[in-house]
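Trainee: I've got a structure open and I'd like to learn how to read it feature by feature. Could you walk me through it?

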Amino acid sequence: MQSGLRHVILDRDGVLNREAEGSGYVREPSEFHWLPGALEGLATLRRAGLRLTVVTNQSGVGRGLMTLEQLAAVHARMQEEASAHGAALDAVLFCPHAPEAGCSCRKPAPGLIQAALGRSGIAAADSIAVGDDARDLEAAARAGVASALVRTGKGRRTEALLGDTRVPAYDDLLQLARAIVGNRSPA
Ligand SMILES: [Mg+2]
Ligand SMILES: [Zn+2]
């Protein structure tokens, strides 16, 4: 992991929160459930001065299964709870498009990660993307950003699918956060 790391770009479902059962979409704040270690992991990164950006595919909007207002309410709740745990998020970027829209932001397209980089003013080389799905890792590669896998959400299945990969894998966000912070050179 890079020692000059300043920016962590995180997938949402399966990394921060449990993936929703049934529809597969978190449509209401009450359906947003943090994964064990996620809030503490975010807070660990935040205390170390790292910028935190969430980048998430939310095609439930484009499929007509939820509204932008519902998504905003979910993200407001996520931000509120993150902030209350000392883990305020600097930016939350999402792709609302359906897969067939052919947009440039839905991962594995690199648009969301490129937007995260652009907003942060932090170089790709000083950033890392964290995900549980192969498309998160592919989007990162296409944006020129290193990536890491967490074994939450789809992570174990993804790790098995990828086989022998150079992408580092961690049991959860807290373990990853401790590895990042422990590896950083003092500012
Ligand atoms: Mg995910
Ligand atoms: Zn999109």
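Trainee: Let's start with two aspartates: are Asp11 and Asp13 buried or exposed?

Mentor: Keep in mind that this is a predicted model. Both Asp11 and Asp13 are buried.

Trainee: Which protein donors does the magnesium ion (ligand 1) have?

Mentor: On geometry in general, ideal angles at a metal are 109.5 degrees for four tetrahedral donors, and 90 or 180 degrees for six octahedral ones. Here the protein donors are Asp11 through OD, Asp13 through O and Asp132 through OD. They lie 2.0 to 2.2 Å from the magnesium ion (ligand 1). Along the sequence, the spacing of the donor residues reads D-x1-D-x118-D.

Trainee: What lines the largest cavity?

Mentor: Its lining includes Asp11, Lys107 and Asp136, along with Ile9, Val55 and Ile113. By type, the lining splits into 6 nonpolar, 1 polar and 3 charged residues. β1 (7–10) and β4 (127–131) each supply at least two of the lining residues, and β4 gives the most, with 3.

Trainee: Lys107 makes me curious about the backbone there. What kind of peptide bond joins Lys107 and Pro108?

Mentor: The general idea is that most residues other than glycine have a negative phi, and most peptide bonds are trans. The bond between Lys107 and Pro108 is cis, with omega about 20°. Pro108 sits in the loop between β3 (91–95) and α4 (111–120).

Trainee: Now helices. Why is α1 described as largely enclosed by the rest of the structure?

Mentor: An α-helix has 3.6 residues a turn, so residues three or four places apart point the same way. As for helix α1 (residues 38–47), 7 of its 10 residues are buried, so it is largely enclosed by the rest of the structure. Among the buried ones are Leu39, Leu42 and Leu45. The buried residues of α1 pack against β1, β2 (51–57), α3 (68–84) and α7 (173–183). After α1 comes Gly49, with a positive phi near 85°.

Trainee: Last one: how many aromatic pairs are there?

Mentor: The count is 1 aromatic pair. The ring centres of Phe32 and Trp34 are 5.1 Å apart and their planes are at 80°, so the pair is edge-to-face. Phe32 counts as buried at 2% relative accessibility, and Trp34 counts as buried at 15%.

Methods:
Residues numbered from 1 in each chain as written. Chains lettered and ligands numbered in written order. Predicted model: local features only at pLDDT ≥ 70, side-chain atom pairs only at ≥ 80, totals over all residues. Heavy atoms only, no water. Donors = N, O, S within 2.8 Å, 3.2 Å for Na, K, Ca; no water. Buried < 20%, exposed > 50% of the residue type's maximum accessible area, 1.4 Å probe, protein only. Helix = DSSP H or I, 4+ residues; strand = E, 2+ residues; numbered from the N terminus. Phe/Tyr/Trp six-rings, centres within 6.5 Å; stacked < 30°, edge-to-face > 60°. 1 Å grid on protein atoms, 1.4 Å probe; cavity = no way out; pocket = protein on both sides within 12 Å on 5 of 7 lines; lining within 4 Å. Nonpolar A, V, L, I, M, F, W, Y, C, P; charged D, E, K, R; others polar. Contact = heavy atoms within 4.5 Å.
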